[in-house]
Amino acid sequence: MLFPHLTRRRFLSASATVAGAGILQACSAPVMPASAGQTAAPGGQAQPRRNGGGTALRVVAPSGFAPRPEQAPAGRRRLYDAGFTITNQQAVERRYQRFAGTDAERIADFQDVASGKAPTPQVLMGMRGGYGAVRILPHIDWASLGARMREQGTLFFGFSDVCAVQLALLAQGNMCSFAGPMLYSGFGKAQPSVYAMQAFIDGSTQADLSIQVSDIQADNVPTLHGTMWGGNLSVIASLAGSAYLPQPEGGILFLEDVGEQPYRLERMLQTLHLAGILKRQQAIVLGNFRMSSARDVYDGGYDLSSVIRTLRRISGIPVLTGFPFGHISDLATFPLGVPTAIRSNGAGGYTARFSGHPTLNPAALTLNNLLPPPPSFDNPAPVEDNSEAGE
């Protein structure tokens, strides 16, 4: 269970002190032990050999390039120290226009695995978001990629623009994935969030994962059972009507976004409504939209709360809020496309429980190395930079 005795607010306070049915079945996969092999050296530099090799992690960069040269090597180093053997490292160095490489290069990140040209890793991890993933969707053999990932028990981490690939993988490859931190924007930070790192450890290793949401809900929380799926609202709306958007009946749709005016959020939600997507869901779960006090430029009273009220009215289904994920530093890690149960916690919030997803073998890794040391007077925590929090 993710922080079973702490609310998110209490955890952060403590940290500061210390420092569809087919889809559901298909995603279930055995835990695979770490395989022996040559340890990849982050940044191309010489690294000590790791006894027995490490758990293979293949970097994929379907979207934007890495704008800060020092951040990607820091992410590779942190993941290496946690026991991962990192492959396809050239992906973090690539740049073509605004993208992390040409379309062909970004396609190959996935298609080489789908075709068997590259071995299927234990982990696929997005480099960062931005834009560009939608351009490569028609060129990947999703059925083959999903089959190989199920056989290996592969965990695929990403969000933001990378969720276009995750959605296509679920829709066409019948394979789940994980919303979670990425190499550049999550693990590459000078001082990653303790909450996010512990959540990654728990979310990637626990076969029965629970996430507590303490935010008081506007309405009574119903008991829900279904496939939780979704991701970035802008990306989902852009895929409406395509073959790359999953269509689970009775699903639980998760949504988050960043940098959008309230009216733009409503316009995208109206798109999902008019496309018939909302009526196939039994509930909608909203993450963080990083709106703060953002207001509509033409109507100062029209804010995110107004958008949520409209969403409840047009959808006619429960809309839950406060899920700890989005373009933020303190984000959870959780699977998408697996059996999910949501229940009231009896205190106005709710608990989401996930099962049927692949997991990492913690005995083959040193995941506690991901946790940053607590800040001290001699080594204070750096000022938080959210400019790349969700990219």
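## Starting at one edge of a sheet

In strand β10, L320 is the bridge partner of V285. Strands here, like helices, are DSSP runs numbered from the N terminus, with at least two residues of E for a strand and at least four of H or I for a helix. Strand β9 (residues 281–286) and β10 pair in the parallel sense, over two bridges; two strands count as paired if DSSP finds at least two bridges between them.

This is a predicted model, in which local features need pLDDT of at least 70 and side-chain atom pairs count only at pLDDT 80 or more, while totals for chains, interfaces and linings use all residues. Residues are numbered from 1 along each chain as its sequence is written, and side-chain values use heavy atoms, leaving out hydrogens and water.

## The whole sheet

Let's step back to the sheet itself. It is open and has seven strands in the order β6-β13-β12-β7-β8-β9-β10, with mixed pairing. At the edges stand β6 and β10 (319–320), each with a single partner strand, so one side of each has no neighbour in the sheet.

## Strand β13 and its two partners

On one hand, β13 runs antiparallel to strand β6 (residues 209–213), joined by five bridges; here F354 of β13 is the bridge partner of L209. On the other, β13 pairs with strand β12 (residues 338–344) in the antiparallel sense, also over five bridges, and Y350 of β13 is the bridge partner of S344. β12 and β13 form a hairpin with five residues between them, and G346 in the turn has a positive phi of about 80 degrees.

How enclosed is β13? Four of the five residues of this strand (residues 350–354) are buried, so the rest of the structure largely encloses it. Buried means under 20% relative accessible area, exposed means over 50%, and partly exposed lies in between, using a 1.4 Å probe and protein chains only.

## Helix α5 and its cover

Now for a helix. In α5 (residues 142–152), the buried residues are W142, S144, L145, G146 and M149. Their cover includes α4 (103–115), β3 (123–126), β4 (155–158) and α6 (163–173), with contact meaning heavy atoms within 4.5 Å. Just after α5, G153 takes a positive phi of about 75 degrees.

## The chain as a whole

The protein chain has eleven helices and 13 strands. Of its 391 residues, 56% count as buried.
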